[in-house]
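Please examine the sequence and the structure shown here. The paragraphs that follow lead through the strands, a helix, the core and the aromatic residues in turn.

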Amino acid sequence: MKTLLALALTLSIASAEEVKLEAKWTAGDRHDVAEEQLIDTKVKATVRGAYGDPSGIAKQSGKYKERKVREYQEEVLESSEAGTKMTRAYSNSLKEVLKPSGKKESSERTALFGRTVTIVRAGASQQLTSELGPVEGDDAGDVVFVDQVYALLPRHSIAVGKGWDVDADALGRAIFHEGYNPSMMHVSGKAILRDVSGKEGERVAKIALDWDVKLDKMDKIPGISYHLTGVAMFHVDRGRFLSLEANGPIEIDMSDGGNRLELEGKMSVSYRAKAAK
């Protein structure tokens, strides 16, 4: 009985201990990473001026399913209080359009395939370059995809079973970087530390995550909103995410003038990382 009481007391004390969940970018660290993003949507389109008639209206509906798959090796080159410099060498980067059944309809390499991207961060600023020049547009978004996950970490120590509100400004900057404007880009999130296992030096945290992102539609820029919930595993002592699985609803508004093009469905994201040999 005394042994059981002692064990229960030990477990109670351990669960009450607070741990610091913070990213650590250590020069020389190398990780092999695999990422996947999937959207499965219904499409609704309304086209005005159809059939050569200014007053004509055509309506169409359908489905659109897209998957992005990326594999790369990340290496931290420099790390200091001033910022970090790292590279991501992409051995694979594909964009696949899928049929409703899940079979591939088309598959193409993105511009990241075979390239090495250098990421230089200093405060809120970030530069993405490669041997072919600046990395921009969708490619830049794919490179920094995981940044939003690191922005969900708490800014203070936390005990198992406790939750926290995500720092909205940190999350907004991680997603939109210098373009972040909280009046048009709305973000929020919550998280709970579910468990910490493993011995000192090899502790792994299980974190339940829940976050929202909404970008108001602007001229020539689609409106987009998504809400993701999932579970991540985080190496406490190395300060790196090991895995993430999350999913939830997504809406995209690509309307232009009197023509409407809207996508509504679900989104899922997956992330896996392991120390490179």
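Over how many bridges do strand β14 (residues 240–253) and β15 pair, and in which sense? The two strands pair over 11 bridges in the antiparallel sense. Two strands are said to pair if DSSP finds at least two bridges between them, and strands (E, at least two residues) and helices (H or I, at least four) are DSSP runs numbered from the N terminus.

The model is a predicted one, in which local features need pLDDT of at least 70 and side-chain atom pairs count only at pLDDT 80 or more, while totals for chains, interfaces and linings use all residues. Residues are numbered from 1 along each chain as its sequence is written, and side-chain values use heavy atoms, with hydrogens and water left out. The average pLDDT, the predictor's confidence in each residue on a scale from 0 to 100, is 88 for the protein, and 91% of the residues score at least 70. Where pLDDT is low, the predicted coordinates should not be read in detail.

To return to the strands, β14 and β15 form a hairpin with 6 residues between them, and Gly-257 in the turn has a positive phi of about 65 degrees. Within the pairing, Glu-245 stands opposite Ser-270 of β15, and Glu-251 has Glu-264 in β15 as its bridge partner. β14 also pairs with β13 (223–235): 11 bridges join these antiparallel strands. Here too there is a hairpin, with 4 residues between β13 and β14 and a positive phi of about 70 degrees at Gly-239 in the turn. His-235 stands opposite Arg-240 in β14. Because 10 of its 14 residues are buried, β14 is largely enclosed by the rest of the structure; buried means under 20% relative accessible area, exposed over 50%, and partly exposed in between (1.4 Å probe, protein chains only).

β15 (residues 260–275) is also joined to strand β2 (residues 30–48), by 16 bridges, and these two run antiparallel. Thr-46 stands opposite Arg-260 in β15. Ser-270, which lies in β15, counts as buried at 18% relative accessibility. Its side chain makes a polar contact of 2.9 Å with the side chain of Glu-245. A polar contact is a pair of N or O atoms within 3.5 Å; within protein, one must be able to donate a hydrogen and the other to accept it, and residues adjacent in sequence count only if both atoms are side-chain atoms. Leaving aside residues up to four places away in sequence, Ser-270 touches Ala-34, Glu-35, Glu-36, Phe-145, Leu-244 and Glu-245.

The largest nonpolar core has 59 residues, and those with the most contacts inside it are Leu-21, Ile-207 and Trp-211. Its largest share, 6 residues, comes from strand β12 (residues 204–215). Such a core is a set of buried Ala, Val, Leu, Ile, Met, Phe, Trp, Tyr and Cys residues joined through side-chain atoms within 4.5 Å. Beyond four places in sequence, the residues that Trp-211 touches include Leu-152, Leu-171, Tyr-226 and Leu-244.

Helix α4 (residues 168–176) has as its buried residues Ala-170, Leu-171, Gly-172, Ala-174, Ile-175 and Phe-176. They pack against α3 (147–150), β11 (185–197), β12 and β13. At the N-terminal end, Asp-167 caps α4, with a side-chain oxygen 3.1 Å from the backbone nitrogen of Asp-169. The helix is followed by His-177, whose phi is positive, near 55 degrees.

The structure holds 5 aromatic pairs. The rings of Tyr-72 and Tyr-90 have centres 4.9 Å apart and planes at 45 degrees, so this pair is tilted. The pair links distant parts of the chain, with Tyr-72 in strand β3 (residues 57–80) and Tyr-90 in strand β4 (residues 83–98), 18 residues apart. Tyr-72 is buried, with a relative accessible area of 3%, and Tyr-90 counts as buried at 3%. Phe-176 and Tyr-180 form a stacked pair, 6.4 Å centre to centre with 5 degrees between the planes. Rings of Phe, Tyr and Trp (its six-membered ring) pair if their centres lie within 6.5 Å; planes under 30 degrees apart count as stacked, over 60 as edge-to-face and the rest as tilted. Trp-25, Tyr-150, Phe-234 and Phe-241 form one aromatic cluster.

Technical notes
Contact = heavy atoms within 4.5 Å.
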